[in-house]
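Have the sequence and the structure at hand as you go.

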Amino acid sequence: MQELDLDRKKIESKFEILESRIAFQEINIEELSQKVISLQLDLNKCCKQIYLLVDKLKGLQLSMVAHDLEDTLPPHY
């Protein structure tokens with residue numbers, strides 16, 4: 001009878017350990033999920049900024065080419 005009580009206590013103790021580990025892992029998973037969401041939002045924001053910069057650079061290049069064409073004398077001069 002005592003042996004059964006000891007086995008039961010060991011099993012209960014192991015269950016408690018497993019439950020606490022699972023709870024800890026669930027907390028970590030939730031924290032990691034929130035971090036991934038945050039990083040994805042940051043990445044989206046950075047991508048939008050890059051696209052805006054590329055568009056501005058294209059506009060600057062076109063205006064520089066147009067400006068150069070205006071300053072260039074035709075070949076018959």
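## The salt bridge

In this predicted model, Arg-8 and Glu-12 join their side chains in a salt bridge, with 3.2 Å from N to O. The term stands for a side-chain nitrogen of Lys or Arg within 4 Å of a carboxyl oxygen of Asp or Glu. By this rule the count is 1 salt bridge.

Why can these two partners meet? Arg-8 and Glu-12 are 4 residues apart in helix α1 (residues 2-71), so about one helical turn separates them. Arg-8 is exposed at 56% relative accessible area, while Glu-12 is partly exposed at 39%. Here buried means under 20% relative accessible area, exposed over 50%, and partly exposed in between, with a 1.4 Å probe and protein chains only.

## The nonpolar patch

Ile-11, Phe-15, Leu-18 and Ile-22 make a nonpolar surface patch of about 400 Å². Patch residues have over 30% relative accessible area and no salt bridge; nonpolar side chains (Val, Leu, Ile, Met, Phe, Trp, Tyr) are joined within 5 Å, and like charges within 9 Å. One of the members, Leu-18, lies in helix α1 and is partly exposed at 45%.

## The whole chain

The protein has 1 helix and 0 strands, taken as DSSP runs numbered from the N terminus (helices H or I, at least four residues; strands E, at least two). Of its 77 residues, 0% are buried.

## Reading notes

Residues are numbered from 1 along each chain as its sequence is written, and side-chain values use heavy atoms, leaving out hydrogens and water. Because the model is predicted, local features need pLDDT of at least 70 and side-chain atom pairs count only at pLDDT 80 or more, whereas totals for chains, interfaces and linings use all residues.

Key: Accessible areas come from the Shrake-Rupley method with a 1.4 Å probe; for residues, only the protein chains shown count as cover.
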